[in-house]
Amino acid sequence: MTPPMAASRPDLVRGIGRWDFVALIVNITIGAGILGLPAKIYALIGTYSLVAYVVAAAIVALIILCFAEVSSRFNGAGGPYLYAREAFGPLLGFEVGWLLWISRLASFAALCNLFVDYAAYFWPAAGVGVGRAALMAGLIAGLTLLNLVGVRTASLVNNLFTVSKLLVLGLFTVVGLFFVDWQAFSFAVAPSYTGFSSAVLLLIFTFSGFDVAAIPASEIQQPQRNVPFALFTAIATVAVLFLLVQVVCIGTLPDLATAERPLASATQRFLGPGGAALVAAAAMLTALGTLNALMLTGPRLLFALAEQGQIPAIFGATHPRFRTPHVALLVSAVLKLALAVSGTFIYALTLSTIIRLTYFALTCAALPVLRRRYPAQPAPFRVWGGVVVAPLCVGLCLWLLSSSKGNEARDVALFAAAGLVLYFVSNRRPATQP
């Protein structure tokens, strides 16, 4: 048996298969961060950036173990929101869902800006003024329509984006490895504690995606079995690819620390002038694929909050023909467009990482709580040594949170306070189910 709050809505379609879900996680994880972070991480700690990638991947793998066990108990929509609600109660669950939704809006807006910036390489008018706003509006409208007409259609398009990303980044690494100067790698000077922890904090964002992908679990086939499998398959694929990308950047780009577009600059060195255009197109493809995945997953948070009666029931409505959460989709799309006009990539990256680490810690803490609460209902996927792994992961999350900047931490606290106000206002009236 699963916890009582694991029930899913009968009118949603389970149209996401096992490999569709693997592709969804890979698509979300291989986002725009990999296009710029190699330079920022190298500027912080040099060649030790390779070690930081390994450490970040190891931390994420441990967190995924906890996610795999906790998520295997559920088959409803909501992901980390649902886990926190079941383990720690409605208030904390609402805060997780609220902050997770905020982070999805901010990340979408930042990626939308990145997409338009690269589109301006081919169409300069798209970089400023009316052209920029028009391209953003058209992009968001198209992705909203795609996700409105059915989860299966959106899932198939997501698969196409994922395969395209893997081919482009695979080509970059395979070709680039032939041009690597191995003498460029030096571990003589050890990085500072602050620099290393800051680098790992940024890389946690790069490896994230598995947490968001679990949100539409009510539309995944056999989620208790397929979610754990997809989590480990996807993160292993992404970790190897990211590490190879960093190797190529270090070995082919002497001025990596100051490069604004490291992959484009590196490609231009070993593929010539056409390399910049190729990477600009790849960046657009990467951003577009992640935007589609975020459009698929993010609105399901509103749906899940409404499904549990914590916000007005209208947000839990499903389209009578397409059987998708159309109200949540449309509301999210409007807010994403508004934020995209003024969004900044770096701010959203750090803000999203702080929020993610918060609910990562709560999900890991939920593992022993749910074990004690349901001793006669063991999770379909059980982590060996979970009573040790879970607190270790909570400690690692707190360590990384200690490296965050004051401004972003303050803003997360303000968003959380706004969520508290919304929660108490919404719950002054009797909760209703959609």
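# Notebook: helices, contacts and core

**Entry 1. V116**

I started with V116, which lies in helix α5. Helices here are DSSP runs of H or I with at least four residues, strands are E runs of at least two, and both are numbered from the N terminus. This is a predicted model, in which local features need pLDDT of at least 70, side-chain atom pairs count only at pLDDT 80 or more, and totals for chains, interfaces and linings use all residues. Residues are numbered from 1 along each chain as its sequence is written, and side-chain values use heavy atoms, with hydrogens and water left out.

Is V116 buried or exposed? I found V116 buried, because its relative accessibility is 0%. (Buried means under 20% relative accessible area, exposed over 50%, and partly exposed in between, with a 1.4 Å probe and protein chains only.) Leaving aside neighbours within four places in sequence, V116 is in contact with A126, R132, L135 and M136. Contact means heavy atoms within 4.5 Å. I also looked up G127, which is eleven residues from V116 in sequence and 6.4 Å from it in space, C-alpha to C-alpha.

**Entry 2. Whole protein**

I noted 17 helices and zero strands in the protein. Of its 434 residues, 61% count as buried. Among contacts with a separation of 6 or more, 85% are between residues 24 or more positions apart.

**Entry 3. The core**

Which residues touch the most other members of the largest nonpolar core? They are I63, I204, F207, F210 and F360, in a core of 138 residues. The helix that gives the most to this core is α5, with 17 residues. A nonpolar core is a set of buried Ala, Val, Leu, Ile, Met, Phe, Trp, Tyr and Cys residues joined through side-chain atoms within 4.5 Å.

I then listed the partners of F210, leaving aside its neighbours within four places in sequence: I25, T29, V60, I63, I64, F67, L231 and F360.

I204 came up again when I checked T353. T353 touches L201, I204 and F205, not counting residues up to four places away in sequence. T353 is found in helix α15 (residues 345-373) and is buried, with a relative accessible area of 1%.

**Entry 4. α5 with α17**

Back at α5 (residues 90-122), I looked up its packing with helix α17 (residues 406-426): the angle is about 125° and the axes are 9 Å apart. Axes are lines fitted to C-alpha atoms, for helices over the stretch in contact, and angles run from 0 to 180 degrees between N-to-C directions. α5 and α17 are therefore oblique to each other. (Under 35 degrees counts as roughly parallel, over 145 as roughly antiparallel, 65 to 115 as roughly perpendicular, and the rest as oblique.)

From α5 the contact takes P90, L91, F94, E95, W98, L99 and I102, and from α17 it takes V412, F415, A416, A418, G419, L420, L422 and Y423. By class I recorded 13 nonpolar, one polar and one charged. Nonpolar covers Ala, Val, Leu, Ile, Met, Phe, Trp, Tyr, Cys and Pro, charged covers Asp, Glu, Lys and Arg, and the others, Gly among them, are polar.

**Entry 5. α13 and α14**

How do the axes of helix α13 (residues 299-307) and helix α14 (residues 326-342) cross? They come within 8 Å and cross at roughly 130°. That makes α13 oblique to α14. P299, R300, L302 and F303 of α13 make the contact with A328, L329, V331, S332 and K336 of α14. The class count is six nonpolar, one polar and two charged residues.

I checked how covered α13 is, and nine of its nine residues are buried. R300 and E307 are among these buried residues. G309 follows α13 and has a positive phi, near 75°.

**Entry 6. α4**

Eight of its nine residues are buried, so α4 is largely enclosed by the rest of the structure. The buried ones are P80, Y81, L82, Y83, A84, R85, E86 and A87. G89 follows α4, with a positive phi near 105°.

**Entry 7. α11 and α12**

Last, I looked up helix α11 (residues 262-271) and helix α12 (residues 274-297), which pack at an angle of about 140° with their axes 7 Å apart. L263, A264, T267, Q268 and L271 of α11 meet G274, G275, A276, L278 and V279 of α12.
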